[in-house]
Amino acid sequence: MTNSQPITLFGGSFNPPHWGHIRPLKQAMQALDIVSVGLLPCNIPPHKQTLKTSNKHRLEMLKILCKLDSSLYVESMELNSNEVSYTVNTLKKLKQKNHQSIFFVMGSDSFQSLKTWYRWQEILQLCNIVVLNRNNQPLNKLKEVTQYISCGPHHAVSLADKQALTTNNGVVVSCHFPAVPVSSTLIREKLEKKDYQLLETGEILPLEVFRYIKQHQLYEQNKS
């Protein structure tokens with residue numbers, strides 16, 4: 001952004017992290033002039049079953065990924081808490097420590113289900129939301145949003161829209177880029193079957209992360 005940089009966070013289980021997380025994120029960063037993003041692994045996800053992979057391994061995989069890209073860093077505040085990882089509580093804690101505005105990055109599926117999130121209206125009062133929108137899917141419009149902004153793979157956000165993003169909350173940016181055909185579920189299924197052919201190419205997750213997974217036998221026969 002042209003003014004003081006917001007705190008930008010991308011939350012998720014990252015179980016494991018892969019290019020489907022990172023490549024759309026990097027494109028959104030470029031479109032919005034965001035210099036750095038904190039990857040925010042959850043501790044106890046409210047919308048998913050208990051994660052079988054330990055926090056330690058998920059944290060180490062993210063650290064490996066961040067070493068490959070200096071514009072990314074790990075924000076471990078949720079891992080350091082014993083509480084369920086409610087986004088609204090995380091944002092409130094950040095607001096208590098910092099005076100900067102906050103961008104919270106999520107996938108389009110997460111945004112479509114935002115009304116099921118704990119105290120979701122307060123989330124919109126605490127931050128602006130950046131949606132990584134696969135193939136420009138129509139988003140559910142929420143009346144609580146002050147402004148919707150759209151940007152695509154071939155153009156950045158306009159100057160007028162950037163001005164709107166200097167407000168502290170309530171703006172939703174839909175960043176639509178081609179979907180990366182990979183998911184954490186797909187990767188875990190291949191690892192459980194020891195089907196490494198695609199994983200060894202580095203096309204769907206960084207080779208360094210894959211090597212860490214193999215070294216520690218993660219996801220194989222429920223090992224963690």
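Strand β1 (residues 7-12) and strand β4 (residues 102-107) run parallel and are paired over four bridges; strands are DSSP runs of E of at least two residues, helices are runs of H or I of at least four residues, and both are numbered from the N terminus. Two strands count as paired if DSSP finds at least two bridges between them. Within this pairing, Phe10 stands opposite Val105 in β4.

The structure is a predicted model, in which local features need pLDDT of at least 70, side-chain atom pairs count only at pLDDT 80 or more, and totals for chains, interfaces and linings use all residues. Residues are numbered from 1 along each chain as its sequence is written, and side-chain values use heavy atoms, with hydrogens and water left out.

Strand β1 is also joined to strand β2 (residues 37-41), again in the parallel sense, by four bridges. Here Gly12 has Pro41 in β2 as its bridge partner. Together with helix α1 (residues 19-32), β1 and β2 form a right-handed β-α-β unit. A crossover is right-handed if, with the strands pointing away from the viewer, the path from the first strand over the helix to the second runs clockwise.

Gln147 stands opposite Val171 in β7. The chain passes from β6 through α6 to β7 in a right-handed β-α-β crossover.

Helix α6 (residues 159-164) has the lowest mean pLDDT among the elements of the protein chain, 85, whereas strand β3 (residues 72-74) has the highest, 98. pLDDT is the predictor's confidence in each residue, from 0 to 100. For the protein chain the mean pLDDT is 90, and 95% of its residues reach 70 or more.
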